[in-house]
Amino acid sequence: MPYFGFKGGIHPKYNKSATQSKNTENLPVEVGEVVHIPLAQHIGAPAKILVKKNQQVKTGELIGEAAGFISTTIHSSVTGKVVSVGTVEHPIGGRVPGVSIEVEELTEDYVPIDSGDSFQKTVLAAGLAGMGCATFPSHVKLSPPKDVDALLINGAECEPYLTCDHRMMVERTEDIVKGAVIIKEKLGLKILAIGIEKNKPDAIEAFRKFEKEYGFEVIELEVKYPQGGEKQLIKACLNRVVPEGKLPMEVGAIVHNVGTCACIYDAVELKKPLYERMVTVTGAVKEPKNLMVKIGTPISKLIEYCGGFVGEPKKIVMGGPMMGLAVTSLDTPVMKGTSGILVYSESDLPDLTQYNCMRCGRCIDACPMELIPSAMDRFVVKELYESLADWHVMNCIECGCCSYVCPSRRTLVGGFKTSKRQVARILKEREDNKND
Amino acid sequence: MTDKLLVTFSPHDRDTMTTNKVMMLVVLALLPSILSSVYFYGHYAIKGYLLTVIFCVALEYGFDKISGRKTQIKDNSALLTGILLAMNMPAGAPWWIMLIGAFIAITVSKSAYGGLGQNPFNPALVARVFLLIAWPAEMTAWIKPQTVMNGLTFDAVSTATPLGAMKTDLLAKGHVVMENIAPMTDKLIGSVSGCMGGDSALLVLLGGAFLLQQRIITWHIPVSFIGTVFVLTGLYWLVYPDQTINPLMHIISGGVMLGAFFMATDYVTSPMVKRAQLIFGIGCGLITVVIRLFGSYPEGVAFAILIINAFVPILDNYMRPKSFGEEAK
């Protein structure tokens with residue numbers, strides 16, 4: 001398939017060289033250490049808790065079950081004792097319900113999942129949620145109520161700094177391919193392709209070796225952010241446009257991150273639930289690394305393992321620099337969607353002094369959703385939610401390109417994020433009025 | 001330590017381009033024209049630029065202070081307005097004209113609206129048009145360009161601009177007298193009389209090319225503006241060759257170049273949407289030509305841009321492109 005491309009996007013400084021050629025290391029846990037596992041690590045309803053205080057749990061044991069269709073299961077990442085069932089730190093929620101488990105025994109074994117009678121149930125039982133960062137429950141994506149024909153594997157990793165997907169593509173190439181082939185066969189799909197940005201030639205090379213054997217296609221993607229956005233990837237690889245407010249299955253496509261594919265292989269072939277993931281630790285740390293981390297490990301442990309901070313940390317971001325969340329506490333645990341820990345010292349941070357918008361239009365050129373962020377910003381400032389609805393703020397994918405390019409440092413995407421709740425209410429009212 | 005962590009919205013990295021840098025790049029693009037006007041007008045030009053810039057920056061600072069607003073002079077936009085204002089005046093205009101011009105540009109047509117980004121009309125052009133109507137004698141006292149070879153100080157000799165000469169001949173004799181109009185080469189290098197900044201079409205073009213190369217502006221407005229002027233005056237010239245000058249003369253005279261590259265492309269007062277920018281440019285060109293060919297003013301660029309400025313909100317509003325995946329209503 002040719003590369004069709006998409007409009008807009010930006011070329012930030014990638015800063016991937018610190019970790020892109022380093023092999024992944026296992027972050028060891030020690031007896032006596034405590035992991036904090038939130039029950040809401042995915043989009044949708046938080047999982048329902050299944051354990052009590054002082055209960056013994058094993059690695060891979062189910063500790064939370066899905067509370068509804070759009071929800072998923074949670075497993076213990078260590079073997080030990082539940083020390084508290086209460087709240088744990090969360091990057092956006094402040095404190096959220098969660099389970100704290102103290103490690104009592106070090107083991108590589110895990111409790112295999114009870115796979116159930118269908119592929120989707122296996123995926124649910126393994127607790128899979130999109131490993132890119134959106135953490136949409138995977139079994140939902142794999143139960144399309146419509147006909148789909150194409151599976152795209154997202155190996156773009158367009159976020160600067162992050163290299164965990166890159167390393168996984170090099171280190172676990174065949175597992176990813178096998179996971180993708182499982183999805184393709186279970187759903188009876190025709191097209192299977194993996195999109196990788198051209199700045200990862202070793203990953204492209206690694207997949208090319210399996211292309212013939214497994215019958216898929218490698219698509220070399222232009223290096224441009226947000227190439228890995230679901231809608232952008234579908235446009236770039238299949239030349240299909242996902243309608244506003246609709247899911248990719250509307251145009252017959254499913255997109256999964258490379259990490260999710262590897263997890264699907266683990267779940268189906270090894271009966272291994274999702275309780276650890278790869279995390280890039282980079283920025284102002286002594287030795288930037290890619291680590292395999294047990295879910296629930298506080299980020300302070302990761303930073304410690306990487307030699308500690310360089311200088312005084314000013315900002316710590318969970319995820320990448322474009323869409324990641326700044327955390328308030330080093331106790332925040334690694335979750336299913338945590339792709340990176342990025343440390344900024346004072347001097348790494350941009351000057352965020354705001355000026356008035358001078359209507360230069362850079363945000364319009366950068367917006368991959370072809371919106372008019374500068375005009376929408378005025379509506380945000382004046383709280384004109386009706387106008388925001390008319391200018392399609394709900395179509396914003398929150399990629400942050402507009403804020404990135406803004407020479408006046410306006411909080412463009414931040415304003416759109418916070419306005420969406422109000423706008424959604426207005427749109428619902430309009431829909432209700434139409435139906436009356 | 002953890003309570004000192006900074007929390008902001010994503011993205012956490014930003015592009016290196018900032019508003020004050022954008023403004024400085026435009027000033028840099030104007031530098032060749034500034035230097036050429038100093039070359040041709042000596043101390044008149046130096047005095048003009050210095051006074052307008054000082055007046056503009058001081059008035060901006062003063063207004064922000066009095067109104068209790070955080071000062072905006074750091075964004076360099078007042079500096080740029082000052083330079084553009086000087087470029088839109090004849091060399092040798094008296095100091096009080098410059099002060100009034102700066103007041104109209106900065107205080108009346110910018111600060112009063114809320115500062116940078118809020119004003120509907122191009123501040124430097126509002127000031128120029130105001131001065132032109134209020135003090136027509138002072139604002140059309142064009143002096144003959146000398147060169148610094150004659151020393152930085154020289155006595156002004158007044159003269160007519162090429163387009164002014166054309167208009168005078170048309171009114172007096174009913175046709176254009178080419179001998180009375182400066183040759184095209186003079187117009188290109190700038191050794192003809194006129195506003196300080198727009199004198200040398202070549203140097204303005206050089207600055208414009210720099211802005212395009214730096215991606216400060218796109219081709220849409222300059223090309224549609226200049227193209228429209230060229231095509232329309234060309235058609236008129238083919239039909240009535242004795243009633244006007246040739247279209248090439250038109251586009252290098254009377255501030256079309258300066259207007260198209262530096263005034264019409266002012267971010268604040270031009271559309272943000274590319275399609276709307278084309279219509280904006282065509283509108284500027286159309287009104288310029290109508291004023292030049294059928295009006296009593298010889299130039300028309302300033303009026304044209306200001307008139308089309310008024311349509312910018314409508315253009316931006318109704319020409320919003322469909323967003324990705326948006327369904328037709």
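Reader: Among contacts in chain B between residues at least 6 apart in sequence, what share joins residues at least 24 apart?

Author: The model is predicted. In chain B, 74% of those contacts join residues at least 24 apart. The counterpart in chain A is 71%, again among contacts between residues at least 6 apart in sequence.

Reader: How do I read the radius of gyration of chain A?

Author: Chain A has 436 residues, and the rule gives 22 Å. Its radius of gyration is 21 Å, close to that value, so chain A is as compact as a globular protein of that length. Along the principal axes, its C-alpha trace spans about 60 × 55 × 50 Å.

Reader: What does the rule give for chain B?

Author: A compact globule of 329 residues would have a radius of gyration near 20 Å. Chain B has 21 Å, which agrees. Its C-alpha atoms fill a box of roughly 80 × 55 × 35 Å along the principal axes.

Reader: Where do nonpolar side chains tend to go in soluble globular proteins?

Author: They tend to be buried together. Here, the largest nonpolar core has 108 residues. Leu30(B), Ile216(B) and Phe262(B) have the most contacts inside it. Helix H1 of chain B, residues 19-41, gives this core its largest share, ten residues. Another core, of 43 residues, lies apart from it, and includes Leu128(A), Val148(A), Ile153(A) and Met169(A).

Reader: Which residues does Phe262(B) touch, beyond those up to four places away in sequence?

Author: Val26(B), Ala29(B) and Leu30(B) are among them.

Reader: What share of each chain is buried?

Author: In chain A, 60% of the 436 residues count as buried. In chain B, 56% of the 329 residues do.

Reader: How much of the accessible surface belongs to carbon and sulfur atoms?

Author: Chain A exposes about 16800 Å², and 51% of that belongs to carbon and sulfur. For chain B the area is about 13800 Å², with 70% from those atoms.

Reader: How far apart are the centres of positive and negative charge?

Author: Chain A has 52 positive and 54 negative charges, and their mean positions are 4 Å apart. Chain B has 21 positive and 18 negative side chains, with centres 6 Å apart.

Reader: Glu157(A) has a positive phi. Is it buried or exposed?

Author: The cut-off for buried is under 20% relative accessible area, and for exposed over 50%. Glu157(A) has 8%, so it is buried. Its phi is near 40°. Its loop lies between strand E9 (150-155) and helix H3 (164-171) of chain A.

Reader: And Arg215(B), buried or exposed?

Author: Arg215(B) is exposed, at 71%. Its phi is also positive, near 60°. Its place is the loop between helix H9 (201-213) and helix H10 (220-239) of chain B.

Conventions
Residues are numbered from 1 along each chain as its sequence is written. Chains are lettered from A and ligands numbered from 1 in the order in which they are written. Side-chain values use heavy atoms; hydrogens and water are left out. A nonpolar core is a set of buried Ala, Val, Leu, Ile, Met, Phe, Trp, Tyr and Cys residues joined through side-chain atoms within 4.5 Å. Buried means under 20% relative accessible area, exposed over 50%, partly exposed in between (1.4 Å probe, protein chains only). Helices (H or I, at least four residues) and strands (E, at least two) are DSSP runs, numbered from the N terminus. Contact means heavy atoms within 4.5 Å. The radius of gyration is taken over C-alpha atoms; the globule rule is 2.2 Å times the number of residues to the power 0.38. Accessible areas come from the Shrake-Rupley method with a 1.4 Å probe; for residues, only the protein chains shown count as cover. Lys and Arg count as positive and Asp and Glu as negative; His and the chain ends are not counted. The place of a charge is taken as NZ of Lys, CZ of Arg, CG of Asp or CD of Glu.
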